Structure formats: C-alpha cells, structure tokens
Amino acid sequence: MTLELLEFVVAGNEASDLLPVRSAALLRRYGARRGFWTVLDEGPVEECLALLLEREDGKWTAEHVRADAGAENRRTEDGEALAHHDGWVYVFGSHFGSKGGPLRPRRAFVARFREDDATPDAPLPVRVVRNSFRLHRVINDALVAADLATLPPGEQVRTRFIVETLARGTSRAKRWVSRLAEGDLPLNVEGAAFTPTGSVLLGLRFPVTTDGEPILVEVTGVADMFAEPRAWPRAVRAYALTGVTPPGVLTGFRALASTDDGGYTAVIGSIDALGKGSVLLDDYPHGGEVTSRHVRFRLPVEPHHLIPGELVADLAPFHHVEGIAETDGRCFYVTDEDHRVALWERG
C-alpha cells in the first residue's frame, strides 16, 4: 500500500474525522476544486472547525474556519465525528470524558451548520444542542436490549467514569444525574454516518463486545433536536461488526463514513491512546497496542445485531487514524499527530 502525505498546521491542534465538501459554492469562495472538513481536538466546537482544500493549481492548504455558536459559545468540547444530512454538516461530541474520567457534560452535544454558509469573510453560524446525557441513556438502554455481549466495565472504569460522574452531579444538584445509572457503560463516540432513511449510525470507540469487536448504534430523530418543539433521539438497534478484529485484542471505531454504493467505510483500532494515562487501558491493556484497519460493511436487509465486515487494508504501523473519506476513486485518511494535521492519500 502506497500513501502520499500532506501536512498542515491548523491552530496548533490535531484533527478528528474527515468529511468531503459537497458545496460547490463553498469551493468557489475558497478558490478550491475539492476539499474536506475536519474538526480539531479538545476545544469548543465553534473554535475547532477547519477545511483542508486543494486549490485550482493543485496545491493543498488548510483554513481554520471562524464560527459562532451564539449562546453556546465555549460551552462544548471534544468534537469527534462529522456527517452530512439534508444540506447540513453535523458534528457529534465524544460524549466521553478525559482519559482518567469522569464523563463531561460539555462533550455530550450535537452541532450542525449549513455548508453553503461557510465563507472566508464572516463567521459561520453553528447551532449547538447539548443533550445532558440523554444520548448516553438512549445508547446504554439500546446496548442492554441488544442481543450482544458487551465487555463489562473494569472497576477503575466504572468508578472513574460512572460513579464519580454521578457523585459530582449529585453534589451540584444537576438534573442530568437521573439519566445515568451505576451499571452504565461510558460511551466514546468516534464516528457517524447518516443512513438513507435519516437515522444515524454512531461508531463507538468504547464499549466493545466481549469478543473485542467494535459496536455501532443506530439512532433516529437527531434532526428533531434542532426543531421547535424539540424532541430527543431514539435508538433503533445496536450492532457488532464481526470478522475484522484480530484475535486477542479489542478494537473500537475510529472513523465512519457512508459510500456512494449504499455501504459504509470505517477505520477500527485501539480503544484509547497509549502513554496518556488512560484508565480504559489500565483495565483493558490489550486494547491499546492495536494498529488501525480500514474496513467496509453494509447494514443487513433483515434486522440483525451482527454485521459481517470486510478488511480493505491493514494500516499498520499507524495507531491513530482518525478520519476516512472515499471520493473520486481515491481514499483519504487523516491521522492524529502532535500539533499538526496529516492527510494521507491512497490511490
């Protein structure tokens, strides 16, 4: 496998996810013939949107996009997944926490913006809905109802992510404590792709199944979060992606995207990063030293919790592929690098 590297510096930060630009108007304004959205790690969503653009002369550049979330400015963090739906670009927060816990309500958000509204001359309007762990509750209930065996939380994971979150919320009289339970699993959303029916597949980096396989949860009603009156998402089904996890390790989703043929392309890999104080890896050390894999799959025609996956490419030695896009007969990956954005192209 031959990969071509393009490197960018975007606000001194690393990239999560990769989404092809669909708006011809946006490309004209920026003088580009194609491009990708990415979201930068850790900060509030309105400060973390960026474009990776190929100019008409073939040179690539990065543009940090100014955005405005209005009353929700600086009230979110850790955008992880991007997806197109009905003219909007959606940004999903991780719904997780720091590597040592607890869960952070600021990461439980969904944002969206009109791609056609992006311009170098004015801030991009971004609408943010923080769900106060409602999505956490919906997904945990779907996992319990599914015919899947999920890996039970280790004692450190349960204490640091669930018990401590409940204790903090209770001490501060937060209403969202009613949406968490001591038997819950912490969720780390890393990928998203809308289906033709308007539901969204959320790829989880954690939890995984007892066999170490990655889990998807299909959720409907995401657009209704932005409507008046507001409604909250509902779970359709949880799935495990089978046949693509190497024996003896744990793999979670790192990226997820729809393809033109009605299927899905994804990257799976480690459940957390090595050497950064991860409580997950303290409890599950066989989930860390795992290289990334490019896989494909299709949703089953008949309702079923197991989805067979197909291995497209072993991306070793990469451990940190964060985004994937297939466009114009080529495949692009973005990797999580220290203080830079690395875009890799494969023909």
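**Exercise 1.** State which residues of helix α2 are buried and what covers them.

*Solution.* In α2, the buried residues are L135, H136, R137, V138, I139, N140, A142 and L143; buried means under 20% relative accessible area with a 1.4 Å probe, protein chains only. Helices (H or I, at least four residues) and strands (E, at least two) are DSSP runs, numbered from the N terminus. The cover of these residues includes α3 (155-171), β13, β14 and β15 (234-242), contact being heavy atoms within 4.5 Å.

The model is predicted: local features need pLDDT of at least 70, side-chain atom pairs count only at pLDDT 80 or more, and totals for chains, interfaces and linings use all residues. Residues are numbered from 1 along each chain as its sequence is written, and side-chain values use heavy atoms, with hydrogens and water left out.

**Exercise 2.** Determine the strand order of the sheet and which strands stand at its edges.

*Solution.* First, the order is β12-β13-β14-β15-β19, an open sheet of five strands with mixed pairing; two strands pair if DSSP finds at least two bridges between them. Finally, β12 pairs with β13 (residues 200-206) in the antiparallel sense over six bridges, and G191 stands opposite G203 in β13.

**Exercise 3.** Locate T209 and decide whether T209 is buried or exposed.

*Solution.* T209 lies in the loop between β13 and β14 (215-220). Its relative accessibility is 5%, so T209 counts as buried. Leaving out residues up to four places away in sequence, T209 touches A149, T150, L151, I215 and A240.

Terms used. Buried < 20%, exposed > 50% of the residue type's maximum accessible area, 1.4 Å probe, protein only.
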